[in-house]
There are 2 protein chains.
Amino acid sequence: MSYLPRATRPAPSLAVAQRSLGDPSLRYPLWPPLLEGCPQTSTADLQYPLVLEYDYAAAPPDFFGRDPFAGIWRWAELLPPLAPGLSMGEGGTPLVAAPHLAEWAGFDGEVYIKDESRNPTGSHKDRLNLCAVSSAVLSGAPGIAVASSGNHGAAAAAYAARAGLPCVLFITEGTEPHLLRMVAAYGAAIVPLPRPLRRVLMAELVHRAGYMPVSSITATHTGHPFGPEGYKTIAWELYRQLGDRLPAAVFVPTAYAELLYGVWLGFKDLQRVAGVGPPPQLIACEPAAGAPLRAALAAGRPVVQVDEAPTAAYSIVVGANSYRGVLAVQESEGEALALTDTEIAAAQTALGREGLWAEFSGAAGAAGLRQAAAAGLRFDGPVVCLMTSSGFKDQGLPAPTLPPVAPTWEAVKRTLHEVYNLSV
Amino acid sequence: MSYLPRATRPAPSLAVAQRSLGDPSLRYPLWPPLLEGCPQTSTADLQYPLVLEYDYAAAPPDFFGRDPFAGIWRWAELLPPLAPGLSMGEGGTPLVAAPHLAEWAGFDGEVYIKDESRNPTGSHKDRLNLCAVSSAVLSGAPGIAVASSGNHGAAAAAYAARAGLPCVLFITEGTEPHLLRMVAAYGAAIVPLPRPLRRVLMAELVHRAGYMPVSSITATHTGHPFGPEGYKTIAWELYRQLGDRLPAAVFVPTAYAELLYGVWLGFKDLQRVAGVGPPPQLIACEPAAGAPLRAALAAGRPVVQVDEAPTAAYSIVVGANSYRGVLAVQESEGEALALTDTEIAAAQTALGREGLWAEFSGAAGAAGLRQAAAAGLRFDGPVVCLMTSSGFKDQGLPAPTLPPVAPTWEAVKRTLHEVYNLSV
């Protein structure tokens, strides 16, 4: 009966500490969340994120046998402490077989799309925000602060609303009407600012008013240490959805790599707690317009800065990588791919022919599969592309131009033939 | 393991016949689908829809004990024949506890939102289109025809794409860019026409080229006889999601009542096959700008015509009801409520405070709950409001006006106070 919506008081979390990614021997208490990176290893130029430690020995024996229903509180023991009643049935997203996409990608094997657009606010970010907003509720923060003009802001606003907390959303001037309507529907206080200043003013709100930030307030991306933990559930769902099999590779649209790293943590838990392995290769899919993670890996450095070029993949283009991404790719023996807008656009079209409408950025995973297949990468087992968000989230795209059609059968028939190449 | 995406070859359907709603003693073979209503009881003024008959005695004993995962093919025996591989994980949508909404509605009891925006194309229509497009695949139709500028068209286009069939979508001139982008992403051939002519030209395409229509081609709404069967799964999911309990009432945004009637069929199946009852009251929630079902029930007539006034509930305002709605309300001893735009707007706002962003039309169910509570209707058990679609589907709404904010802490603080009444 684990799908009962009434059962939203989650099991107690087994989280016990925060551990530094800068020096894994450094551990800190679980509370309060360390919002500015590891206090001991960070420098002015480089702040290291933290990751949670759990009392893994106490994990229930049936843990990874649980059903992958919506509501990630079902996996509460190996997640950060969750606030009761906050869940809206995030996660448990369908895994959709994608044979046409496999053919398009030139990949000879099973391909699945994990359709994260099916979350409450239409993207994977709901998994993160259940965890991060829970920390605000459980620590008595007076409100939520977030800097985002897209998926992250929408998710933060929705979970803050459900928690009964005010949400201050720092957006970029010029955000599209439909995204403004979305966050306004959740009652967020919207503050438009030039992009580089959003984080700075958000940090003021955090320091002066005690608001809980759910996006990063540090110069090098650290984010909320509890947030990426929510993405572990993707790995656990995939294992169950594939019939207690692991995928051979997971292709992940990547910006600051919170998603990539969280999924990696989930596969590591499967191996550590239940001996289920080997974990899949994680393939980071960045837009070529930035691709700092690929550059960092090539340079052998934890974080690098790159110039950002214009791209339609606005949700995932960033000028500096997060160290989390370096760890996820290296530890999983994966890859970081750089995808051009042309490659991503082709993947978006191919997903549409499979019946799936991705946000442009959300199609980067499928684009990565094709690039990997063309480069001769082979995977011994099913591969999964994460589709992070729906086409509704894209901004500023023109509508297709429609032909004027006279209201007669002959005119309709002619239009179908001449414009759409359909003979009827 | 019923959530395996590979297991998309559905069990054989137990459907055996089409039965007339004009004269329930009249039965027709299951194939071909009767697309213009009951041939014997229909007149030029009134066409009666058909409903499917099943070999109920052959239903598996565990049928209603199945898990409510996404992918309505899990319930294939009591659905029309489904095409293999066509599912995209429609249905299995979360049931979200809505305590704030209950308080807002003045309702003293358990309230849940069934969030149908979590379907593949963002609305309940995916359940219908899996069934209707399956009939095209299984009967060898050369393509799909649909007249819709919203949820139905998007769902038809997506399932047609997945089936590899062309989809001709007759839309109203002036459809919004983001909806055009959505259907174009699925590769639909889009034909803009004045609204009253869409059905007429669609019928030409059906008669001349053999395309399968998935919206109604008759003057009185009949629709595809297989389509509403998909909505039965909502009733079955609710039973399981509530812990093998039935709701006392279900509030349903209603236009041509395919959803209302399909949900009713599902509850009837629960009673007939498994003895689970009594079924809930079904509460049709129409926009007051039209509300022909309410008028038909008051007049004791199968179908009436009404004038349509302007309304923001564009997805559900119609000028004539469908007979299906009359049956669903009468047989369930339910009600038909007429909701003003003011009432629906208030419900949309209340849903937002619960973390749920509804299409304006999709909030009509929640609006109905408040109206019913104010009128003194009482229900002995949990009530469910169907939220049919997301706010992304609304057309032509302006963005909220944002205050200009200088990039200083003092300016941010002043804006939060003056515009959003937040003291930080």
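This is a predicted model: local features need pLDDT of at least 70, side-chain atom pairs count only at pLDDT 80 or more; totals for chains, interfaces and linings use all residues.

Colleague: What rotation and shift superpose chain B on chain A?

Modeller: In general, two copies of a chain are related by a rotation about an axis and a shift along it. Here a rotation of 180° with 0.0 Å of shift along the axis places chain B on chain A, with an RMSD of 0.0 Å. That is the relation of a two-fold axis. The superposition is by least squares on the C-alpha atoms of residues with pLDDT of at least 70 in both copies.

Colleague: Which C-alpha of chain B is nearest the axis?

Modeller: That of B:R118, at 2.5 Å from the axis. The same surface serves both copies, as 100% of the contact residues of chain B recur in chain A. Contact means heavy atoms within 4.5 Å.

Colleague: How do helices α12 of chain A and α5 of chain B cross?

Modeller: Axes are lines fitted to C-alpha atoms, for helices over the stretch in contact, and angles run from 0 to 180 degrees between N-to-C directions. The axes of α12(A), residues 409–420, and α5(B), residues 195–209, come within 10 Å and cross at roughly 70°. That makes α12(A) roughly perpendicular to α5(B). As for the words, under 35 degrees is roughly parallel, over 145 roughly antiparallel, 65 to 115 roughly perpendicular, and the rest oblique. A:W409, A:V412 and A:L416 of α12(A) make the contact with B:L201, B:E204, B:L205 and B:R208 of α5(B). By class, these residues are five nonpolar, no polar and two charged. Ala, Val, Leu, Ile, Met, Phe, Trp, Tyr, Cys and Pro count as nonpolar, Asp, Glu, Lys and Arg as charged, and the others, Gly among them, as polar.

Colleague: And where do α7 and α9 of chain A meet?

Modeller: On the α7(A) side the contact has A:E258, A:L260, A:Y261, A:W264 and A:K268, and on the α9(A) side A:R324, A:G325, A:L327, A:A328, A:V329 and A:E331. This contact has six nonpolar, one polar and four charged residues. The axes of α7(A), residues 258–274, and α9(A), residues 323–331, come within 8 Å and cross at roughly 45°. That makes α7(A) oblique to α9(A). The crossing is left-handed, a term used if the near helix is turned anticlockwise from the far one by less than a right angle, with right-handed if clockwise.

Colleague: In what order do the three strands of the open sheet in chain B lie?

Modeller: Strands of a sheet pair through backbone hydrogen bonds, either parallel or antiparallel. In chain B the order is β2-β1-β3, with antiparallel pairing. Strands β2 (27–29) and β3 (50–54) of chain B stand at the edges with a single partner strand each, so one side of each is left without a neighbour in the sheet. Neighbouring strands are turned by 40° against each other on average, direction ignored. Strand β1 of chain B, residues 15–20, is joined to β2(B) by three bridges, and B:R19 has B:R27 as its bridge partner in β2(B). Two strands pair if DSSP finds at least two bridges between them. Helices (H or I, at least four residues) and strands (E, at least two) are DSSP runs, numbered from the N terminus.

Colleague: Where does B:P39 lie?

Modeller: B:P39 is in the loop between β2 and β3 of chain B. Not counting residues up to four places away in sequence, B:P39 touches B:Y28 and B:L34.

Colleague: Which peptide bond is cis in chain A, and what is its omega?

Modeller: Most residues other than glycine have a negative phi, and most peptide bonds are trans. In chain A, a cis bond joins A:G277 and A:P278, with omega about -5°. A:P278 lies in the loop between α7 and β11 (281–287) of chain A. In chain B, the bond from B:G277 to B:P278 is cis, with omega near -5°.

Colleague: What is the phi of B:A291?

Modeller: B:A291 has a positive phi of about 60°, although it is not a glycine. B:A291 sits in the loop between β11 and α8 (292–299) of chain B.

Notes
Residues are numbered from 1 along each chain as its sequence is written. Chains are lettered from A and ligands numbered from 1 in the order in which they are written. Side-chain values use heavy atoms; hydrogens and water are left out.
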